[in-house]
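Colleague: I have just opened this one. Please take me through it.

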Amino acid sequence: MPQSTLLFLSSIALLACGRGDGSPGADRKGTGSATVGSAALTGAGATFPAPIYSKWFDAYARETGVRINYQSIGSGGGIRQFTEGTVDFGATDAPMTDEQVTAVKGNVLHVPTVLGAVVATYNLPSLGKAPLRFDGATLADIFLGRIRRWKDRRLAGLNLGVSFPDQDIIVVHRSDGYGTAYIFTGYHSKIAA
């Protein structure tokens, strides 16, 4: 359903400046794992880019000898660990807020790394493999509880010829507060303020 595809950019939050002796993270609370002369970095954060990060980091290690240990614990976890200074970098699907940047004394550099999509899906076995179309406003109204039944006229208008069942729409969504939820709700807040 191309009208409801939400694009997002995952980024890595990197330390913008060190303590002056070449060690990253020195003016932060923790020590991180990278020190002068070391060949290892640690990072944590968004789960979406983890597969490509794994390939990139393996290739980088083969070329440079620098090992990068990345834990895919979610965007919020990446921001938290970066803020606490327990990792050298964090990855997040949403840029850090001004308050989060202030918490690390502004020592943040957002580096866009990957582009992905968040899509709404549905499970309506009675339609078989018939694809459904949604526009942003209709999808927002489903999640706002304004469209509660599959037989709604707005769904029928977008899907001419589809015989919808007379059933409730049961909305299922992620409950975490970051990453994919940020992208999905950010899109919908622009469609239906």
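Colleague: I clicked on Y122 to start with. What is the relative accessibility of Y122?

Modeller: The relative accessibility of Y122 is 29%, so Y122 counts as partly exposed. Keep in mind that this is a predicted model.

Colleague: Noted. How many aromatic pairs are there?

Modeller: The count comes to nine aromatic pairs. One of them is Y53 with W56, a tilted pair with 5.9 Å from centre to centre and 35 degrees between the planes.

Colleague: Where do Y53 and W56 lie?

Modeller: Both are in helix α1, residues 50-64, and they are three residues apart, about one turn of the helix. An α-helix has 3.6 residues a turn, so residues three or four places apart point the same way.

Colleague: And what is the accessibility of each, Y53 and W56?

Modeller: Y53 is at 1%, so it counts as buried, the cut-off being under 20%. W56 has a relative accessible area of 40% and is partly exposed.

Colleague: Back to Y122. Which residue does Y122 form an aromatic pair with?

Modeller: Y122 pairs with F134; the pair is tilted, at 5.9 Å centre to centre and 55 degrees between the planes. Both residues sit in the loop between β5 (109-118) and α4 (136-143), 12 residues apart, and the pair links distant parts of the chain. F134 is buried, with a relative accessible area of 4%, whereas Y122 is partly exposed.

Colleague: Which residues do ring pairs link into a cluster?

Modeller: The cluster is made of Y53, W56, F57, Y70 and F89.

Colleague: Change of topic: pockets. What is the volume of the largest one?

Modeller: About 690 Å³. Its lining takes in 29 residues, and those nearest its centre are F143, V171, V172, H173 and F184. The elements giving two or more residues to that lining are α4 and α6, the latter being residues 180-191.

Colleague: Which element gives the most?

Modeller: α6, with six residues in the lining.

Colleague: How does the lining of the largest pocket divide into nonpolar, polar and charged?

Modeller: There are 20 nonpolar residues, seven polar and two charged.

Colleague: Staying with α6, how many residues does it have, and what does it reach from first C-alpha to last?

Modeller: α6 has 12 residues and reaches 17 Å from its first C-alpha to its last, close to the 16 Å expected at 1.5 Å a residue.

Colleague: Which residues of α6 are buried?

Modeller: A181, I183, F184 and H188 are the buried ones. F184 is also among the residues nearest the centre of the largest pocket.

Colleague: Salt bridges next. How many does the structure hold?

Modeller: Five. One of them is between D141 and R146, where the closest N and O atoms are 3.2 Å apart.

Colleague: Buried or exposed, for D141 and R146?

Modeller: D141 is at 14% relative accessibility and therefore counts as buried. R146 is at 55% and counts as exposed, the cut-off being over 50%.

Colleague: Which residues are linked with D141 and R146 in a network of salt bridges?

Modeller: D152 and R154; the four residues are linked in that network.

Colleague: What about R149? Which residue does R149 meet in a salt bridge?

Modeller: D166, at 2.7 Å from N to O. That pair links distant parts of the chain: D166 lies in the loop between α5 (153-158) and α6, R149 in the loop between α4 and α5, 17 residues apart. D166 is exposed at 54% relative accessible area, while R149 is partly exposed at 31%.

R149 also forms a salt bridge with D168, with the closest N and O atoms 2.5 Å apart. D168 lies in the loop between α5 and α6 and R149 in the loop between α4 and α5, so this pair ties together parts that are 19 residues apart in sequence. D168 is at 47% relative accessibility and counts as partly exposed.

Colleague: Last one, on the backbone. What is the phi of K105?

Modeller: It is positive, about 55 degrees, although K105 is not a glycine. Most residues other than glycine have a negative phi.

Colleague: Where does K105 lie, and is it buried or exposed?

Modeller: K105 is in the loop between α3 (98-103) and β5. K105 has a relative accessible area of 64%, so it is exposed.

Notes
Residues are numbered from 1 along each chain as its sequence is written. This is a predicted model: local features need pLDDT of at least 70, side-chain atom pairs count only at pLDDT 80 or more; totals for chains, interfaces and linings use all residues. Side-chain values use heavy atoms; hydrogens and water are left out. Rings of Phe, Tyr and Trp (its six-membered ring) pair if their centres lie within 6.5 Å; planes under 30 degrees apart count as stacked, over 60 as edge-to-face and the rest as tilted. Helices (H or I, at least four residues) and strands (E, at least two) are DSSP runs, numbered from the N terminus. Buried means under 20% relative accessible area, exposed over 50%, partly exposed in between (1.4 Å probe, protein chains only). On a 1 Å grid over the protein atoms alone, a cavity is a set of points where a 1.4 Å probe fits but cannot get out, and a pocket is an open set with protein on both sides within 12 Å along at least five of seven lines; lining residues have an atom within 4 Å of a point. Grid points are joined across faces, edges and corners, and a volume is the space filled by probe spheres set on the points. Ala, Val, Leu, Ile, Met, Phe, Trp, Tyr, Cys and Pro count as nonpolar, Asp, Glu, Lys and Arg as charged, and the others, Gly among them, as polar. A salt bridge is a side-chain nitrogen of Lys or Arg within 4 Å of a carboxyl oxygen of Asp or Glu. The expected span of a helix is 1.5 Å times one less than its number of residues.
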